[in-house]
Structures are given as C-alpha cells and as structure tokens.
Amino acid sequence: FDGTFAGPEVWDKHMLSEYVDKYNGVPLNIDNLVTKLIDGKIIGIVRGRSELGPRALGHRSILCHAAVPNMKDILNKKVKNREPFRPFAPVCREDDAGRFFDIQGPCKWMSFCPPVRQEYQEVLKSITHVDGTARLQTVDGRNPSFMYYLLTRFQEYNQYPVLLNTSFNIAGKPILNSYKDAIWMLENTEMDALVLDDYFIEK
C-alpha cells in the first residue's frame, strides 16, 4: 500500500467551478505551465488528496525552476516570508537524478540528502545546502503522475529539468488544504499563478 497521498481531499472541492469562474481560470495546459516555470514564475499546486505527513510532494506544493538565479532568495522574500538561510528541496525524475545528484535508486519521500554533483551546485544553487547536499524527491514513470508528466515536458524545453518544490504555506502556517487558502496566497503574496486540479489561474 502506497500511502503517499492518503491525506484528506481538498476541503472545499465542491467550490472549484465557482473559483474557476470568479478568477478567470482556464483548463490547464502543461506546455504553458512549463513555459511559465522556465520564465521564473512561482506557481502553487493544489491537486487531489494531500500528502501524508509534513512534506510537499506535488499535491500541496509551490513550484518554481531550480535553475533560476537567486530563486531561493526570491521565494523566501516574495512568498514564504521566512529566514533567508533556509534551503528548499529539489524534485526531478528518477531517471535524471544520477545526472544532478550523487545517488542511485529512488528517493521518493525526501528522506535523504544526497550530494549535488559539483558541476551543478552553482546552477542549482537555490536547492543546494551549504554542505553541497539537497533534500531530493524523485518521481518515476512506473505509475505516471502529474509531476512526472510535468518534469518530462520540462526536460524537452530546458537542459536543467529540476524544479524547486516547497510546501504550500507561509511561515507559521500549516500546509494548506483548501482552494480558498490557495487563492488567499495568490492575492496576498507575490506568487504568480495557481494550478487547482486541472485548471490554471494567473494574476
């Protein structure tokens, strides 16, 4: 039994169509999402059941491109409102992990901190700890997920198919579990857009 996403469903999921209409949402287009991420946009994700445990694995996540210069500082200042020294975690496909990180095999639940390979530590500075490691999450294609599909398309557009993945909340608050709270984050921080299930909402 895989309990990764055995947390609760979105509490106000019955309100999705109302939120989509009110905030001019459009059906999600993965290629458009990839382009936004490559351009440095910060995007919140609320899809399906939440992660089981205090971690963001793609269902209650804030995503941005790990190779955007100074992204850690941008995200801490514009959205998370937390101490600037705190690092963020990377997510990539399991097939790509060995290229960027000194690891063999899966790292599905952010349980390990493998070294970032020396040649990528500068370009992936936003997810690299001061000791050269990173709290990696890998996704695989054996049970294709939204995150795997996104990273696969990302790889077709960019030479660094690694995303920065952090929990969808701000300092002092738990990981959110409602579309209402996600929209509050969009309106009250400098986040750029939301993915609510299969819809895209942009400022």
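The following dialogue examines how several terms apply to this predicted model.

Visitor: What makes strand E6 (residues 163-167) largely enclosed by the rest of the structure?

Guide: Five of the five residues of E6 are buried, so the strand is largely enclosed by the rest of the structure.

Visitor: Which residues have the most contacts inside the largest nonpolar core?

Guide: That core has 42 residues, and Phe101, Phe168, Met191 and Leu194 have the most contacts inside it. The elements giving two or more residues to the core are helix H1 (16-22), E3, helix H3 (71-80), helix H4 (94-100), helix H6 (179-188) and strand E7 (193-196). H6 gives the most, with five residues.

Visitor: Which residues are in contact with Phe101, leaving aside its neighbours within four places in sequence?

Guide: Phe101 is in contact with Pro90, Cys92, Pro114, Pro115, Val116, Arg117, Ile127, Ala134 and Leu136. A second, separate core has 20 residues, among them Ile43, Ile45, Tyr148 and Leu151.

Visitor: How do you know that the buried residues of H6 line one face of the helix?

Guide: The buried residues are Tyr179, Ala182, Ile183, Met185 and Leu186. Seen down the axis of H6, they fall within an arc of 155 degrees, so they line one face of the helix.

Visitor: Against which elements do the buried residues of H6 pack?

Guide: They pack against H1, E2, E3, H3, E7 and E8.

Visitor: Why is the contact of Lys13 with Glu9 called a salt bridge?

Guide: The closest N and O atoms of Lys13 and Glu9 are 2.3 Å apart, and the cut-off is 4 Å, so the pair qualifies. The structure holds 12 salt bridges. Lys13 has a relative accessible area of 46% and Glu9 one of 33%.

Visitor: Are Asp96 and Arg93, which meet in a salt bridge, buried or exposed?

Guide: Asp96 has 12% relative accessibility and Arg93 has 11%. Buried means under 20%, so both count as buried. Their side chains meet at 3.0 Å, N to O.

Visitor: What makes the pair of Arg117 and Asp102 a tie between parts 15 residues apart in sequence?

Guide: The closest N and O atoms of Arg117 and Asp102 are 4.0 Å apart, in a salt bridge. Both residues lie in the loop between H4 and E5, so the pair ties together parts that are 15 residues apart in sequence. Arg117, at 29%, is partly exposed, and so is Asp102, at 47%. Elsewhere, salt bridges that share partners join Glu9, Lys13 and Arg49 into one network.

Visitor: Why is Pro8 called partly exposed?

Guide: Pro8 has a relative accessible area of 38%, which lies between the 20% and 50% limits, so Pro8 is partly exposed. Pro8 is placed in the segment before H1. Not counting residues up to four places away in sequence, Pro8 touches Arg49, Ser50, Arg60 and Asn177. From Pro8 to Thr166 the C-alpha separation is 19 Å, and the two are 158 residues apart in sequence.

Terms used
Residues numbered from 1 in each chain as written. Predicted model: local features only at pLDDT ≥ 70, side-chain atom pairs only at ≥ 80, totals over all residues. Heavy atoms only, no water. Buried < 20%, exposed > 50% of the residue type's maximum accessible area, 1.4 Å probe, protein only. Helix = DSSP H or I, 4+ residues; strand = E, 2+ residues; numbered from the N terminus. Core = buried A, V, L, I, M, F, W, Y, C linked by side-chain atoms within 4.5 Å. Contact = heavy atoms within 4.5 Å. Arc of directions from axis to C-beta.
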